[in-house]
Amino acid sequence: MHPHLHTKNNRGCEDVMRALDECHDKGFLYKLFGNCNKIKTEVNKCLRAERLERTAKNRQEAKKKREETLAIWKDIDENS
């Protein structure tokens with residue numbers, strides 16, 4: 001399973017997701033016999049790369065914000 005595909009967080013995977021949608025539009029039997037599996041794997045790899053990039057960015061922002069908070073608390077402790 002994968003998350004909702006066409007969201008603002010997955011803009012980099014738009015081409016691969018469009019290919020998967022087109023493959024799924026070919027019908028149930030086409031999917032049943034595994035003809036979309038390769039494209040699905042590509043979508044999963046692309047979504048994983050996007051997620052890893054997003055979490056790394058969030059981690060850096062959280063670390064920076066935490067350092068700022070600690071500096072403010074340190075200043076408060078020293079001046080009170």
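I took a salt bridge as a side-chain nitrogen of Lys or Arg within 4 Å of a carboxyl oxygen of Asp or Glu. The model is predicted, so I kept to its limits: local features need pLDDT of at least 70, side-chain atom pairs count only at pLDDT 80 or more, and totals for chains, interfaces and linings use all residues. Residues are numbered from 1 along each chain as its sequence is written, and side-chain values use heavy atoms, with hydrogens and water left out.

**Entry: the salt bridge**

I searched the whole structure and found one salt bridge. Side chains of opposite charge can pair when their charged atoms come close. Asp15 and Arg18 are separated by about one helical turn because they are three residues apart in helix α1. Helices here are DSSP runs (H or I, at least four residues), numbered from the N terminus. I then checked the cover of each partner. Asp15 counts as exposed, at 60% relative accessibility, and Arg18 as partly exposed, at 40%. The cut-offs are under 20% relative accessible area for buried, over 50% for exposed, and partly exposed in between (1.4 Å probe, protein chains only).

**Entry: the disulfides**

How many disulfides does a search of the whole structure find? I found two, taking a disulfide as a pair of cysteine sulfur atoms within 2.5 Å.

Cys13 and Cys46 are both buried.

Another disulfide joins Cys23 to Cys36, S to S 1.9 Å. It also links distant parts of the chain, with Cys23 in helix α1 and Cys36, 13 residues away, in the loop between α2 (28–32) and α3. I read -100° about the S-S bond of Cys23 and Cys36, a left-handed link. Cys23 is buried, as is Cys36.

I numbered the bonded cysteines of the chain in sequence order and got the pairing 1-4, 2-3.

I looked up Lys45 and placed it in helix α3 (residues 37–79). Lys45 is exposed, with a relative accessible area of 61%. From Lys45 to Val16 I got 10 Å in space, C-alpha to C-alpha, against 29 residues in sequence.

Which residues gather in a patch of positive charge on the surface? They are Lys8, Arg48, Arg51 and Arg54. Patches are made of residues with over 30% relative accessible area and no salt bridge, like charges being joined within 9 Å and nonpolar side chains (Val, Leu, Ile, Met, Phe, Trp, Tyr) within 5 Å. Lys and Arg count as positive, Asp and Glu as negative, and His and the chain ends are not counted. I checked Arg51 on its own: it is found in helix α3 and counts as partly exposed at 39% relative accessibility.

**Entry: the nonpolar patch**

I also noted a nonpolar patch on the surface, formed by Phe28, Leu29, Leu32 and Phe33, with about 500 Å² of accessible area together. Accessible areas come from the Shrake-Rupley method with a 1.4 Å probe. Phe33 lies in the loop between α2 and α3. Phe33 counts as exposed, at 64% relative accessibility.

Definitions and conventions
Helices (H or I, at least four residues) and strands (E, at least two) are DSSP runs, numbered from the N terminus. The place of a charge is taken as NZ of Lys, CZ of Arg, CG of Asp or CD of Glu.
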